[in-house]
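Please work through the exercises below with the sequence and the model at hand.

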Amino acid sequence: MRRSPDVSPRRLSDISPQLRQLKYLVVDEAIKEDLKWSRSVEDLTSGPVGLTSIEERILRITGYYGYQPWAASYKREERPRDSPGPAEAQAPAGAEAGGRTSHRCWRCSRAQLKKIFWGVAVVLCVCSSWAGSTQLAKLTFRKFDAPFTLTWFATNWNFLFFPLYYVGHVCKSAEKQSVKQRYRECCRFFGDNGLTLKVFFTKAAPFGVLWTLTNYLYLHAIKKINTTDVSVLFCCNKAFVFLLSWIVLRDRFMGVRIVAAILAIAGIVMMTYADGFHSHSVIGIALVVGSASMSALYKVLFKLLLGSAKFGEAALFLSILGVFNILFITCIPVILYFTKVEYWSSFDDIPWGNLCGFSVLLLTFNIVLNFGIAVTYPTLMSVGIVLSVPVNAVVDHYTSKIVFNGVRVIAIIIIGLGFLLLLLPEEWDVWLIKLLTRLKVRKKEETAEGAADPGSGPQSKNRRARPSFAR
């Protein structure tokens, strides 16, 4: 049926005052329940029996009456004729709502407690594995002075990422897939054609080189300076990631992160000044900063070229890096051995326990860092890296001749503060404004209540003290 042209449809802009009033509409709970059960999906198509006014239509759409068309399976004919009174209807509804609310609160609290518990476990695991691998590498170099060979040996263990992931998939997933099916599904991360030879050399090989450089520069720096300085300077990679993301990925500009980057650079300069700008310490600091830069470049290029990866895809990618290391990097330790740059007299002199312990700790650190987000917040994992700094400081205090002068302590605090500032979410200023606003409102309410109580106190006392003449 066509509408006549002289009759124009009623627009929502014509009823904007009514819409503003609906925002503050409060409906009794009994009326809500009554309307929810009395109005079903059939009312929408029942012609004159259905909704008649635009206000009721808007209430039905906005949900003020608790209307849920996807759950309205209760028909009007099936409703009992004798409906309970307002008091009787309100009590069961309130009890049911209270039961649901308490059950939801209990479930939320249990989920949050579980996530916090896992977060504490992940933080301790990240802190212990990172600090332990650093200290064990320092101990290894006393008998085995070959940082690149140690890097190559530890990177080969990356091959275990995908097998360990598949074991977890078989244990946890309801739909168990074969290794071949899971591998093909994860290979879609590289494109429609999967993992081809071209993709291997264009998308995997550059990251394998960056991975090797990051670990080699870090281990080589441990030979030059103490582990406390190495671990705290490596925390600057977070600032480098922000700067590269801002330049390359065009991420959102945040003033607080610029301040954090400035603090990181200032901490590097102060750390160099703490040792008196000796060549030995300057080289070590430069190696750590280079390692942090390679780590930041790895993360930014991964996001630029490959985007985000799921757990299986990340496990497959890290295993591919291990394969690349075995196939193409193995020749470098051999060349270094025969040129006597990294030489050892016999294989019996190699501390295999330290090498395997370092590789296991580094593998554990990377596993928790890549897959810990499944059980806790990513910010907590970053906090574990910061906590490794005081752990290394305590160990260095008792095992080496490190001098914690005022400049070094201030540099450590500045770099740690910059790292923590980089962990702030993008909407931290909005949350802070909301929190301050709530605190101001609560303070005003408490002030108003405090001002009202003294006024009523003397008044009531005067009334009580006044004698009553009328009996």
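The model is predicted, so local features require pLDDT of at least 70 and side-chain atom pairs pLDDT 80 or more, while totals for chains, interfaces and linings use all residues. Residues are numbered from 1 along each chain as its sequence is written, and side-chain values use heavy atoms, without hydrogens and water.

**Exercise 1.** Determine where Lys138 is found and which residues it touches.

Solution. Lys138 belongs to helix α4, residues 86-140 (helices are DSSP runs of H or I, at least four residues, numbered from the N terminus). Next, its relative accessibility of 28% makes Lys138 partly exposed, that is, between the limits for buried (under 20%) and exposed (over 50%), with a 1.4 Å probe and protein chains only. Beyond four places in sequence, Lys138 is in contact with Ile222, Lys223, Ile225, Asn226 and Thr227 (heavy atoms within 4.5 Å). Of these, Ile222 is 84 residues away in sequence, yet the C-alpha atoms are 6.3 Å apart. Finally, a polar side-chain atom of Lys138 lies 3.1 Å from the backbone oxygen of Ile225.

**Exercise 2.** Is Asn156 buried or exposed?

Solution. Asn156 sits in the loop between α5 (147-155) and α6 (161-172). Asn156 is buried because its relative accessible area is 16%. Apart from neighbours within four places in sequence, its contacts are Gly322, Asn325 and Ile326.

**Exercise 3.** Locate the kink in α8.

Solution. Helix α8 covers residues 197-224, 28 residues in number. A kink of about 40° occurs at Ala204, shortly before the proline Pro206; the bend is the angle between axes fitted to the seven residues ending at a residue and the seven starting there.

Terms used:
Helices (H or I, at least four residues) and strands (E, at least two) are DSSP runs, numbered from the N terminus. A polar contact is a pair of N or O atoms within 3.5 Å; within protein, one must be able to donate a hydrogen and the other to accept it, and residues adjacent in sequence count only if both atoms are side-chain atoms. The expected span of a helix is 1.5 Å times one less than its number of residues.
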